[in-house]
Amino acid sequence: MSSSLTKPGTGKRNDSRRRFLLELGRSATGVTLLSFGIGLYSRQSASMPANAIRPPGALDEGEFAAACFRCGLCVRACPFDTLDLARLGDGVTTGTPYFTARDVPCEMCDDIPCVVACPSGALAPELEDIDQARMGLAVLLDQENCLNFQGLRCDVCYSVCPAINEAITLEHIPNTRTGKHARFIPTVHADACTGCGKCEHSCVLEQAAIKVLPLKLAKGELGRHYRWGWEEKENAGSSLVTPDGEHRYNLPSSKRYDFAGEGLLESGE
Amino acid sequence: MKKSSYPGYEAIRRKGWLAAHKWLLLRRLSQLSIMALFLVGPLLGVWIITGNLNSSLTLETLPLTDPYLILQSLAAGHIPQGTAIIGGLIVALFYFVVGGRAFCSWVCPVNLLTDLAFRLREKLGLRSATSLPRYTRYLMLLATMVIAFVSGGIAWELVNPVSMFHRGIIFGTGLAWLILLAIFLFDLFVSRRGWCGHLCPVGAFYSLLGTHSLLRVRADARARCDDCMDCYLVCPEQQVLRPALKGADTSPVINSPNCTNCGRCIDVCALDVFQFGIRFDRSDSSRSSPNQAASPSTGV
Ligand code: SF4
Ligand code: SF4
Ligand code: SF4
Ligand code: SF4
Ligand code: SF4
């Protein structure tokens, strides 16, 4: 094709062909540039704000962008108006469903209507038991303002949790400030927390001390070579390294150890 | 401009205003009532259709999904589940019969906007030199598939004005009006019928879907044409008219997949050259009833 362009003397046909190629080149360039723009924008919008949580059963963020039709049927199916479709400028991929736990949490419906309504499979229909949902993970982020951390008995996040005593427990540690009391520390367990956000929603502080984060943000991961010694020991039936010696204490004279559970104490106590 | 010089003047004079606007009115009625059907749910709590044009559920039984979206989802690496596929097939079949771009003139909300820009442009007598080739839309269509494939997401949906507009009205617009404003201004000042006639990949997709559609505008009475050019002036895809109207040995059927089956040419022709019909030539074409053959107003 290009050789005929350079051939002289083909007159009009040559001219119109050249014009056609020029035109094609121009519009193709325009479209390509636009696509680059959209491509870059799509990359940028792939990172969700940390407080935007996907509905139950949502595929991983990468897959979700390919699967979700931006139709809002999940939004309409939710009896609690938990979900919203992102608008342009909201920071979440435009047209996709999300919720903000602090505003309206997910009430963990038994029949999961949002998943049932989803036509595309972006909310995986395999999710049939809402307790298995992993929308995110609650994390007690602000230990300095959490009332329970100060030794007060707020307990609100704990009491509202739909999976109370499994997803969230109160672990007690000595209250070193008063020296007499315990602190009941709200402690979230990833194997049961669905990320519904009831805890974050109900936290009595001005800004919630406990927040639901996307799993990717909330979870750490062990080094791949790393094993918990005690688990390996239990699996093997005995210690895998040197035999356990008897534990010996080597405390400073001002301290003593209470085996009944109080732990390390001042000698006089 | 001289009063008697606007397209359709002669048709109004001969047929009366109503008859010279029949299809336009029906089309607007269709566009607005589809919008209304989607809106009575969120506004009045009467749920006839839930969702939006991308995917919806009518009366809790009939799923409808945009087949173009399904293709993009596939290109991005996701296989949509059954409900979506069924919904996509229903929509595809519908437009396969009534003409793909009937979506543009009878359903798409952006058409209201671009038609308005066009009318304003004509009123103000704006002429501009920017001429985009009409096939740019197919490059756009290809590009949307490529970015879906490369980015692994339905990236076109981030900016698609068609779904932005529709979703915006039902679920809240956010900044989507900026994109719509851009299209309006583009059509008004930069390019005549710029967006819908040259760029929109959604329209391009539906044109491909309707390549072999049954429902067509026919110029069976083309012998009557007195070259008033009114149809050319109103047609959003002027280039589709000539072969049917002027080609002596070609079929009188407007066969281009880019005819939007808007019926505006039927409206403005004072000599009733055009009518809705089916694509096949029948020996007894004079008996074809245009009203019966054409009911795209039921298209959702
Ligand atoms: S599980 Fe229920 S409350 Fe939670 S998002 Fe789905 S429909 Fe809404
Ligand atoms: S119902 Fe499914 S496809 Fe539709 S917006 Fe919700 S997640 Fe996306
Ligand atoms: S998010 Fe909070 S309330 Fe919900 S399951 Fe997890 S710990 Fe419980
Ligand atoms: S060309 Fe695109 S924007 Fe215009 S009416 Fe058709 S689908 Fe809508
Ligand atoms: S040929 Fe007629 S029906 Fe087709 S797009 Fe043009 S005006 Fe509309």
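Start by selecting chain B and chain A together and showing their polar contacts: 16 residue pairs, both at pLDDT 80 or more, are in polar contact. Salt bridges number 0 between chain B and chain A, taking a Lys or Arg side-chain nitrogen within 4 Å of an Asp or Glu carboxyl oxygen.

This is a predicted model, with local features needing pLDDT of at least 70, side-chain atom pairs needing 80 or more, and totals for chains, interfaces and linings using all residues. Residues are numbered from 1 along each chain as written, chains are lettered from A and ligands numbered from 1 in written order, and side-chain values use heavy atoms, without hydrogens and water.

Now switch to a surface view. Chain B and chain A bury about 3200 Å² between them, 69% of it on carbon and sulfur atoms; this is accessible area (1.4 Å probe) lost on being put together, summed over both. Select B:Q81, B:L158 and B:F171, which lose the most area in chain B to chain A, together 22% of what that side buries.

Finally, go to ligand 3. Residues with a heavy atom within 4 Å include A:C161, A:C193, A:C196 and A:C199. The shell divides into 8 nonpolar, 3 polar and 1 charged.

Methods
Buried area is the accessible area (1.4 Å probe) that two parts lose on being put together, summed over both. A polar contact is a pair of N or O atoms within 3.5 Å; within protein, one must be able to donate a hydrogen and the other to accept it, and residues adjacent in sequence count only if both atoms are side-chain atoms. Ala, Val, Leu, Ile, Met, Phe, Trp, Tyr, Cys and Pro count as nonpolar, Asp, Glu, Lys and Arg as charged, and the others, Gly among them, as polar.
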